[in-house]
Protein chains: 2
Amino acid sequence: MKHRDKEMGRSTLGIGALSERSGVNIETIRYYERIGIMPEPPRTAGGQRVYDAGHLGRLVFIRRSRELGFSLDEIRTLLHLADGGDYSCGQVHEMTLAHIADIRRKIADLRRMERVLREMAANCAGGEMPECPILEALSA
Amino acid sequence: MKHRDKEMGRSTLGIGALSERSGVNIETIRYYERIGIMPEPPRTAGGQRVYDAGHLGRLVFIRRSRELGFSLDEIRTLLHLADGGDYSCGQVHEMTLAHIADIRRKIADLRRMERVLREMAANCAGGEMPECPILEALSA
DNA sequence: CTTGAAGCTGTAGCCGCTACAGCTCCCACC
DNA sequence: GGTGGGAGCTGTAGCGGCTACAGCTTCAAG
């Protein structure tokens, strides 16, 4: 039996199990606690962290939000809204729309980069000649 | 007369003028020197850096490469190829293509994010209801 | 009871800057 | 020739979001 709870009652998790189930690195979990977006969990007599399903949910929330490109600061706000219970769904909706606009800007930037690079690469045969049109283009 | 060269002979630049003409922050120029992608320039008797047109060209090269999303490490390689003079244009071409592939991956990632966020936002009226479908979706 | 994995704290490093503090230097003007 | 003040100097610390250690302690299976 590897679990500390003997499969009875609500399951509790060590940090390793939490990491595995949430998909978040152990070091990162402790980091999240340090910066205050994960709560300080109870500890065993010996000082080891003990988590429950609530912690797991919160951590998954954070991971999925990160995957969608929210900053930890934005996530902190989202969590705060959720924690308070008194959030208006409208605020969350608004943040999401703002974030979508952000992402669109980034995509536009990257597309511009790609176009310029494609043009440069197209002018460059890639042979052995000493003057490279790509380098020329960049220093001009 | 603000310039130190009296408009005769090749013009030399202080770090401030170099910054202005290259579009690169003064602090950043010194940083580039520290990490070795800009050479240590000659100094005045008093210890101030003195630049010339060559430095300006190199710095513009770096800035434009950064704008196109190359990392300083990639730029270091590009500069090394250019410095050696013995680069094959093919290597530059290859790096550029790899970088384009990188950018495409990033664009694809961002598009996925945007799609997911749009779907979540669409399910969210944004009203005052206590349960927010966006938050639900993220913790599930 | 032993042993080895898991967990603990605290610190330093990554990238690409940016921002200071607390100096020194340069040079235009009087 | 003096002086005032802007420009430049070095060195260090901070940002975000982790990651990687070193050097311990604790836990649980056998």
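# A chat about the model

Biologist: Hi! Which helix of chain A is A:T96 found in?
Modeller: A:T96 sits in helix 5 of chain A, residues 89–122. Helices (H or I, at least four residues) and strands (E, at least two) are DSSP runs, numbered from the N terminus. This is a predicted model, where local features need pLDDT of at least 70 and side-chain atom pairs count only at pLDDT 80 or more, while totals for chains, interfaces and linings use all residues. Residues are numbered from 1 along each chain as its sequence is written, chains are lettered from A and ligands numbered from 1 in the order in which they are written, and side-chain values use heavy atoms, with hydrogens and water left out.

Biologist: Is A:T96 buried or exposed?
Modeller: A:T96 counts as buried, because its relative accessibility is 0%. Buried means under 20% relative accessible area, exposed over 50%, and partly exposed in between (1.4 Å probe, protein chains only).

Biologist: And what does A:T96 touch, beyond residues up to four places away in sequence?
Modeller: A:T96 touches A:F70 from chain A, plus B:L117, B:A121 and B:I134 from chain B. A contact here means heavy atoms within 4.5 Å.

Biologist: Nice. Switching to chain B, which helix holds B:H99?
Modeller: B:H99 is in helix 5 of chain B, residues 89–122. With a relative accessibility of 2%, B:H99 is buried.

Biologist: What does B:H99 touch, leaving out residues up to four places away in sequence?
Modeller: B:H99 touches A:L117 in chain A, along with B:L68, B:G69, B:F70 and B:E74 in chain B. B:H99 and B:L68 are 31 residues apart in sequence, and their C-alpha atoms are 9.3 Å apart in space.

Biologist: What about B:H80, buried or exposed?
Modeller: B:H80 is exposed, at a relative accessible area of 59%. You'll find B:H80 in helix 4 of chain B, residues 72–84.

Biologist: Let's zoom out. How many helices and strands does chain A have?
Modeller: Chain A has 6 helices and 0 strands. From the N terminus on, its elements run α-α-α-α-α-α. Of its 140 residues, 39% count as buried.

Biologist: Which residues of helix 1 of chain A are buried?
Modeller: In helix 1 of chain A (residues 15–22), the buried ones are A:I15, A:L18, A:S19 and A:S22. Down the helix axis, these buried residues fall within an arc of 100 degrees, so they line one face of helix 1 of chain A. That arc is taken from the directions from the helix axis to the C-beta atoms.

Biologist: What covers those buried residues of helix 1 of chain A?
Modeller: The cover includes helix 2 (26–34) and helix 3 (53–67) of chain A.

Biologist: At what angle do helix 1 and helix 2 of chain A pack?
Modeller: The two pack at about 100 degrees, and their axes are 9 Å apart. That makes helix 1 of chain A roughly perpendicular to helix 2 of chain A. In contact are A:I15, A:G16, A:L18 and A:S19 of helix 1 and A:I26, A:I29 and A:R30 of helix 2 of chain A.

Biologist: How are the angle and the label worked out?
Modeller: Axes are lines fitted to C-alpha atoms, for helices over the stretch in contact, and angles run from 0 to 180 degrees between N-to-C directions. Angles under 35 degrees count as roughly parallel, over 145 as roughly antiparallel, 65 to 115 as roughly perpendicular and the rest as oblique.

Biologist: What follows helix 1 of chain A?
Modeller: A:G23 follows helix 1 of chain A, and the phi of A:G23 is positive, near 80 degrees.

Biologist: Last topic! Which residues have the most contacts inside the largest nonpolar core?
Modeller: They are A:Y32, A:L59, A:I62, B:Y32, B:L59 and B:I62, in a core of 72 residues. A nonpolar core is a set of buried Ala, Val, Leu, Ile, Met, Phe, Trp, Tyr and Cys residues joined through side-chain atoms within 4.5 Å.

Biologist: What is A:Y32 in contact with, apart from neighbours within four places in sequence?
Modeller: A:Y32 contacts A:V24, A:I37, A:M38, A:L59, A:I62, A:R66 and A:L72. One of these, A:R66, is in helix 3 of chain A and is partly exposed at 38% relative accessibility.
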